[in-house]
Amino acid sequence: HQRVPPCLQHPKVVVARSQDHGDRGDAGKFFWVEEHEGVYLTVDDDIIYPTGYVGHLLMKIDQYKRAVVVGVHGSVFREPFESYQSRRMFHYKHALDRDTTVHALGTGTVAFHTSTIHVRREDFEAPNMADIWFARLGQAQGVPFVAVERPGGWLEDVPYTESIYDASKARSGSGADQGALRDKVAGAIRWRLGRTKHAVRKKNDAS
């Protein structure tokens, strides 16, 4: 966009434009993370989010007493690591019958409290691979990542021309294709699944 579109011209919306700050690609969703204290929630422009989405993720953060990062789109890498594409995926469009600890979360479906994981803009060293940079932070800081339970079709796709995932998978050579660098970064990490303590609220707990 050369101009801020009308749908974003709202008193509750603050816009940071790439024309002013540079094109950060998908890492742009973490632009305000260092200035924010509290729950930080990131979304993508090619996903349709349902009513109750934010409330569900907030509830999960509380259940785990702010000790984990929660999300909907999760991945577990196979051992030995071969490539980013060689992984078990818990896709955001599919049902998940219970919370599942994962190595990485799709940053278009993530929520966390800023006291849980320390994130800086410079942690995202190259554009269009925010998921792996964010997962690397979780591994380095020992913060568990949890894909939350949900019904199938809870999140849906917006029609698009080319996503970062598709470009990297196909090695398209476009600006969204970061497949080779992503494999290099992911291959250098010793992946571990974090341990979680699921806090279940008692029925008589008025708090």
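Modeller: We can begin with R136, which counts as partly exposed because its relative accessibility is 29%, where partly exposed lies between buried (under 20% relative accessible area) and exposed (over 50%), worked out with a 1.4 Å probe on protein chains only. Please keep in mind that this is a predicted model, in which local features need pLDDT of at least 70 and side-chain atom pairs count only at pLDDT 80 or more, while totals for chains, interfaces and linings use all residues. Residues are numbered from 1 along each chain as its sequence is written, and side-chain values use heavy atoms, with hydrogens and water left out.

Colleague: With which residue does R136 form a salt bridge?

Modeller: A salt bridge is a side-chain nitrogen of Lys or Arg within 4 Å of a carboxyl oxygen of Asp or Glu, and for R136 the closest N and O atoms of such a pair are 2.6 Å apart. R136 sits in helix α3, and its partner, 11 residues apart from it, is in the loop between β8 and α3; helices (H or I, at least four residues) and strands (E, at least two) are DSSP runs, numbered from the N terminus. The partner is exposed, with a relative accessible area of 55%, and the residue in question is E125.

Colleague: How many salt bridges does a search of the whole structure find?

Modeller: Side chains of opposite charge can pair when their charged atoms come close. For the whole structure, the number that the search finds is 9.

Colleague: Is K29 buried or exposed?

Modeller: K29 lies in the loop between α1 (18-21) and β1, while D44 lies in the loop between β1 (39-43) and β2 (47-48), 15 residues apart. D44 counts as partly exposed at 28% relative accessibility. K29 has a relative accessible area of 16%, and is therefore buried.

Colleague: Which residues are linked with E34 in a network of salt bridges?

Modeller: R121 forms a salt bridge with E34, the closest N and O atoms being 4.0 Å apart. That pair links distant parts of the chain, with R121 in the loop between β8 (109-113) and α3 (130-141) and E34 in the loop between α1 and β1, 87 residues apart. The residues linked with E34 in the network are E35 and R121.

Colleague: Where is the residue P80 found?

Modeller: The peptide bond that leads from E79 to P80 is cis, with omega near -5°. As for its place in the chain, P80 is in the loop between β4 (74-77) and β5 (87-90).

Colleague: What is the phi of N128 near?

Modeller: N128 is found in the loop between β8 and α3, and with a relative accessible area of 13% this residue is buried. Its phi is positive although N128 is a residue other than glycine, and the value is near 65°.

Colleague: What distance does α3 reach from its first C-alpha to its last?

Modeller: The expected span of a helix is 1.5 Å times one less than its number of residues. For α3, which has 12 residues, the expected value is 16 Å, and the model comes close to that, with a reach of 17 Å.
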